[in-house]
Every structure is written in C-alpha cells, then in structure tokens.
Amino acid sequence: APSAESYLIADNILDVCQKAGVDAVHPGYGFLSENPGFARACANAGVTFIGPEPEAMEAMGHKTKARDVMMAADVPVVPGSEGPVAGPDEAVAEAKIIGFPIMVKAAAGGGGKGMRRVADPSALHAAFAAAQSEARNSFGDDRVYLERFLDRPRHIEVQVLADTHGNCVHLFERECSIQRRHQKIIEEAPSAFVDEAMRQAMGEVAVQAAKAVGYIGAGTVEFLADAQRNFFFLEMNTRLQVEHPVTEWITGLDLVEWQIRVARGEPLGFTQDELSFTGHSIEARVYAEDPAAGFMPAPGTIEHIHVPAGPYVRDDSGVSDGSEVTPLYDPMISKLSVWGRDRATAIARLDRALAEYKVVGLTTNISFLRRALVTEEFKSGDFDTGFVGDVIDGAPPVDS
C-alpha cells in the first residue's frame with residue numbers, strides 16, 4: 001500500500017503493461033508522472049509514455065535546474081539561491097542575502113510538498129530539516145533550495161500544449177491563490193486579477209519557457225505575481241494538473257484527449273490566434289480533512305456519498321459508498337468544478353453544488369469551501385495566497 005512499495009515501482013507497472021498488451025501509459029497527476037526514469041523505462045519496454053520527453057522533465061522537474069533554464073531564456077524568476085543548499089547553516093547565510101521572509105522548497109518537488117515559509121533566521125534550521133524530510137519521503141530526493149517570499153503574491157499558472165511538429169500554444173491562465181499548506185483548494189479560470197495585457201505577456205512567456213526545453217504535450221507554467229502585476233516564473237509542472245477541468249470548461253478542449261493525440265504524433269489542430277475562452281469556471285477540491293484542526297487529514301471510511309449533478313456541474317472522483325480514505329495518500333475525495341456565463345454565476349453554481357454534496361462517515365472541508373466562496377474578498381477577486389489564515393481560518397458549519 002505505501003507508494004514507495006507500490007505506485008513508485010516502475011517495474012511492477014511495466015509488468016502489468018506487458019501482461020495486458022498495453023501500448024501506452026497515461027501517468028495521471030502524481031507518483032511517476034514527472035519521473036524521467038519511468039518515461040525512459042516505458043520507451044525501453046516499447047510502451048508510449050503519454051507526456052513530455054525525459055529531457056524536458058529533467059530540465060523542468062528539478063526546480064533549481066528549471067530556474068537556470070528560465071534565466072538563460074530571459075524569463076523572470078523569483079530571487080533565490082543558485083542551486084540546492086548543502087545544510088541549514090548555508091541556508092541561513094544564503095537567506096540573509098536573499099532577504100526574509102524566505103521559502104524553503106524541495107528541489108525535486110511539487111504539490112506543496114517539502115515547502116516551508118520562514119520569517120527569520122531563528123526558525124530556519126527546523127524548517128530546513130522538515131522540508132528535507134518531507135522531500136525525501138515524497139520524492140526520494142532531500143535537496144532543497146531557497147526563494148524569496150513575495151508580499152501578497154498571487155499564484156497564477158498558464159496551461160501550455162505542444163506537439164511533435166514544433167507547434168506550441170497557451171490555453172490562458174488559472175487562478176490558484178486559494179491554498180492551504182501550499183496546496184491549492186479552489187482554482188478558477190480565467191483569473192479576476194489578470195488583465196488582457198498581463199494575460200498576453202504571461203502566455204507568451206509560458207510558451208517561451210516550454211520551447212526552451214523542447215516541451216511536448218500538456219504542461220503548466222506557474223508564476224507568482226505581485227500587486228503591480230509583475231510576474232515571476234515559479235516552476236513548471238511537466239504533467240496534467242488536478243485543476244485542468246477549469247481550462248477545459250472555458251476553452252472547450254479536452255486536455256487528456258490532446259495529450260493522447262500528441263503522443264500519437266498528431267499535430268495540434270489550431271493556432272494561438274484561433275483560441276479563445278468563454279465564461280468562467282471554478283473548481284473546489286473536496287478533502288477528507290478537518291479545517292478547524294489546521295486542515296489535518298481525516299482518514300476513514302465513506303459510509304455514504306451523494307454527489308451533486310446538473311447542467312455545467314462536473315465531479316471527478318474515484319470513491320463511492322464504502323471507499324476508504326487512508327492516511328497513506330492525499331486525502332482528496334474529489335474535485336468539483338462548474339461553469340457559468342460569468343464569475344458571479346459560477347460562484348453561485350459551485351456554492352449550490354457544494355450544498356448538495358453529502359459525505360457521511362468522515363470529516364470533510366465542504367463547509368469551509370462554502371464559507372470561502374461567500375467572503376467579500378473572494379467574491380470581489382481581491383485576495384492572495386494568504387487568503388486561508390488571513391481572511392478565513394477554520395470552518396464553522398454552513399447551513400445547507
């Protein structure tokens with residue numbers, strides 16, 4: 001059951017491929033989806049890996065290498081260390097040069113794992129050790145690096161899609177600033193913060209970043225933006241993102257379909273000028289966790305689950321009555337997304353859907369999500385990555 005004894009063992013997966021006559025593997029969101037060794041093992045076994053080339057994963061999957069590639073391509077990056085730092089003492093010295101507050105981040109990581117915010121030198125040793133431990137357990141690589149923490153940043157990402165014929169486009173941006181423990185819980189497209197000039201500039205930079213590493217397939221270039229709409233490269237996820245449905249809602253494109261088409265050698269059937277988006281989409285991640293206890297996971301057995309439905313409502317899930325949420329994996333139950341003709345309509349539709357979402361048998365964050373949606377800050381679009389904690393903290397019950 002532990003991932004290190006199951007999903008992270010490439011030979012076991014390829015053994016299944018051979019026995020079942022599989023000709024291609026879609027790696028999903030985690031585990032081996034950004035592992036160049038697995039991609040190469042697939043190729044050696046005659047199985048198509050539905051994702052980018054191993055070299056692109058190596059360039060972008062290691063965060064400090066990605067920073068170097070982006071700086072060489074004249075893409076703006078957040079100030080930070082030039083590479084992994086050897087130990088806590090070196091981290092303190094580097095941090096004093098970069099400036100506090102500082103972020104300690106896993107070099108081989110993503111998804112908020114192996115990441116700690118540090119306000120002053122006295123807390124850096126403990127944060128360094130914790131980030132290293134989490135990075136080692138999550139990615140099998142305990143190297144960490146440092147980045148300056150921007151004041152009131154927005155976390156905005158741009159979806160890119162590239163084929164094997166030299167074509168690369170962006171599919172506009174997603175707003176991902178509503179986070180807890182550095183993991184996203186509410187995402188939307190487009191961003192209420194991004195104006196047309198910023199959208200065009202970020203899209204061009206994202207395509208530039210993808211082309212710099214010869215990227216193929218669907219990928220996500222993540223940025224941090226300050227209040228003046230200056231944006232900085234954060235990292236590139238060389239896989240499909242959990243929040244990809246909001247991009248699919250507004251563009252009408254099926255990203256998984258295009259991943260498969262690209263892997264099959266097909267060219268993109270459209271140019272950047274032909275792409276546009278319509279309406280607004282929001283996704284909420286439903287977790288088995290307790291917001292009132294610091295969003296700690298709340299594993300257990302789902303005795304009964306009732307999932308909302310209806311026009312412009314989509315629930316992506318892998319659980320049902322009797323499913324067990326174990327402490328071994330991320331406690332996400334599902335991702336619930338909606339589309340509306342405008343942002344206000346999408347907010348109202350998602351709130352209605354969450355009111356209908358019932359999970360019996362364990363604690364969830366549904367009430368918290370509903371409370372977040374009705375805050376003035378969220379409704380106005382005036383928020384940043386500090387929303388959870390600064391604006392809303394914990395989840396008093398919402399009358400449904």
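For the charges I am going to discuss, Lys and Arg count as positive and Asp and Glu as negative, with His and the chain ends not counted, and the place of a charge is taken as NZ of Lys, CZ of Arg, CG of Asp or CD of Glu. On that basis, the mean positions of the 36 positive and 58 negative charges of the chain lie 2 Å apart.

What you see is a predicted model, in which local features need pLDDT of at least 70 and side-chain atom pairs count only at pLDDT 80 or more, while totals for chains, interfaces and linings use all residues. Residues are numbered from 1 along each chain as its sequence is written, and side-chain values use heavy atoms, with hydrogens and water left out.

Turning to the overall form, the C-alpha trace spans about 55 × 50 × 45 Å along its principal axes. Of the 400 residues in the chain, 52% are buried, where buried means under 20% relative accessible area with a 1.4 Å probe, protein chains only. Among contacts, meaning heavy atoms within 4.5 Å, with a separation of 6 or more, 67% join residues 24 or more positions apart.

Now to the cysteines: how many disulfides does the structure hold? There are zero, a disulfide being a pair of cysteine sulfur atoms within 2.5 Å. For Cys 17, the closest cysteine sulfur belongs to Cys 42 and is 6.3 Å away, which is too far for a bond, and Cys 17 is buried at 6% relative accessibility. Cys 176 is likewise buried, at 0%, and because its closest cysteine sulfur, in Cys 168, is 19 Å away, that pair is too far apart for a bond.

Terms used:
Buried means under 20% relative accessible area, exposed over 50%, partly exposed in between (1.4 Å probe, protein chains only).
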